[in-house]
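Have the structure open beside you as you read.

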There are 2 protein chains.
Amino acid sequence: MPPDLNLRISPRSVQRETVDKLRLAIFSGMFQPGSRLIESQLCTQLGISRPSLREALRSLEAERLIEIVPNRGPSIPALSWEVATAIYEVRELLEVEAAGRCASRISPDQLHELEKSLSAFKAAASSNDSLARVMTAADFYSIILANCGNPILEEVHRGLVARISFFRGRSMSLEGRAQSSLSEMREIFESIAAGDEKAAREASRQHVLKAKAAAKISMDSKP
Amino acid sequence: MPPDLNLRISPRSVQRETVDKLRLAIFSGMFQPGSRLIESQLCTQLGISRPSLREALRSLEAERLIEIVPNRGPSIPALSWEVATAIYEVRELLEVEAAGRCASRISPDQLHELEKSLSAFKAAASSNDSLARVMTAADFYSIILANCGNPILEEVHRGLVARISFFRGRSMSLEGRAQSSLSEMREIFESIAAGDEKAAREASRQHVLKAKAAAKISMDSKP
DNA sequence: GATTGCAAGAATGTCAGACAATCCGCTTGA
DNA sequence: TCAAGCGGATTGTCTGACATTCTTGCAATC
């Protein structure tokens, strides 16, 4: 029996669809950081009413994907390098822990999935689609986080990674970053496959540190 | 010049007031876990309109303080022990890190604040007001998290602690728990005051582990 | 020329009311 | 006893409205 067989079908509400659509739009960089979102425009673009949109915006605000200043409305937050650093640090904390746990508890089945996602990232790394690179890399982490045995770790991590999607997109288009990222991720995979918890932790730490460094470079190059 | 002098006055919107009020209501255990929240009731109780309320509910949903099932509406989630365990584990991860950082960077001024909050908890521990115990203990952590140098660590921690307020309230009314909690917290304080990073980490870890154990006991005793 | 002040327009915050879709509990019938 | 069905309760969503606040362009002033 599949362990996560979920019988419950969840009806899609307009609110949820809207949140998903907007989240994706933010990830793919459709809005400039700092730019404002105009309710009436979004309403017509999405084909929904203002109350529904506003509910969706409140959800995104709580996820910190947008900011809502009273009487000024929603906007895409301009992530300072200071905050980005803080996010990378917490991400390191979580991801290292998850990789370590994962090494000693992942199932062969999921390990295979992890390998497949690594291949997917390898393919994306050779392409020119930087959004695909970010997405496939995110899949790789997702599998690790999903198999660390702690759903909260996974949830918090997802929320944080979402907030730095802007930086990740830019650093992934950096010359050579995708390739070195690939080898770091392979290192993580190998360690997990070998069940070596300590090595997995260390490989994971190195990966996040280098991702942070790459993000900083990409930020300094394009102010 | 005070470092956090913020010129921006922030107008309070109905939405924000509502979120704060509801959050506080949830913390203080006004709603039973699993119980449903009726929009129309809340509207009249809070004296606001349904759209405003629904926006507030979406915020709380994103914070995971309530659940909203499509076509069934909002309810207080019944936190399983499994999820609570996961939260305590991540809390340990964050709090240990924060205490360690705090030990080597807190200012004398903030250290004094920490001492005051410890006294406040001591007073609450001797009283019968278990809500006061939870609140003063939360203040103590807040100061540590606010001085760890990483605002994201603080933010994530606050979100997680909020979700286990139910357990914390119950375990704090446990015979003797407040007193042992006090001595654990004093241990943390002493380590930070001494600038001993390693000891602060260890004391912090012990505290979270014991808090988790107490929560489990309180859960088993009253199903 | 730079700054201030002001007025028109745009955008948000909030509300009231409406209606269909869905869920829940109760009655009814087998 | 159990299934079917019905009615009230509740939610999901929309339309429309209006006061408040922000923005912007322009004129007036120093």
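## Ground rules

A residue is called near a molecule or strand if its C-beta atom, placed from the backbone, lies within 6 Å of it. This is a predicted model, in which local features need pLDDT of at least 70 and side-chain atom pairs count only at pLDDT 80 or more, while totals for chains, interfaces and linings use all residues. Residues are numbered from 1 along each chain as its sequence is written, and chains are lettered from A and ligands numbered from 1 in the order in which they are written.

## Around the DNA

Let's begin with DNA strand D. It is surrounded by 17 residues, and the closest are Val14(A), Ser49(A), Ser52(A), Glu39(B) and Gly73(B). Two or more residues each come from α1 (14-27) and α3 (50-62) of chain A and from α2 (39-46) of chain B; helices here are DSSP runs (H or I, at least four residues), as strands are (E, at least two), numbered from the N terminus. α3(A) gives the largest share of this surface, three residues. By class, the surface near DNA strand D has six nonpolar, eight polar and three charged residues, where Ala, Val, Leu, Ile, Met, Phe, Trp, Tyr, Cys and Pro count as nonpolar, Asp, Glu, Lys and Arg as charged, and the others, Gly among them, as polar.

## Where the two chains meet

In chain B, 25 residues are in contact with 25 residues of chain A; contact means that the C-beta atoms of two residues, placed from the backbone, lie within 7 Å. On the chain B side, α3 (50-62), α4 (81-103) and α7 (151-163) each supply at least two residues. That side has 13 nonpolar, five polar and seven charged residues.

How do the copies relate?

## A helix pair across the interface

α7 (residues 151-163) of chain A and α4(B) have axes that come within 7 Å and cross at roughly 60 degrees. The axes are lines fitted to C-alpha atoms, for helices over the stretch in contact, and angles run from 0 to 180 degrees between N-to-C directions. α7(A) and α4(B) are therefore oblique to each other; angles under 35 degrees count as roughly parallel, over 145 as roughly antiparallel, 65 to 115 as roughly perpendicular and the rest as oblique.

From α7(A), Pro151(A), Ile152(A), Leu153(A) and Val156(A) meet Val83(B), Ala86(B), Ile87(B) and Val90(B) of α4(B). This contact has eight nonpolar residues, with no polar and no charged ones.

## A helix pair within each chain

In chain A, α4 (residues 81-103) packs with α10 (residues 197-221) at an angle of about 160 degrees, with the axes 8 Å apart. The two helices are therefore roughly antiparallel. Residues in α4(A) that take part include Trp81(A), Tyr88(A) and Arg91(A), while those in α10(A) include Glu197(A), Arg201(A) and Met219(A). The contact divides into twelve nonpolar, two polar and eight charged residues.

In chain B, the axes of α4(B) and α10 (residues 197-221) come within 8 Å and cross at roughly 160 degrees. That makes α4(B) roughly antiparallel to α10(B). By class, their contact has twelve nonpolar, two polar and eight charged residues.
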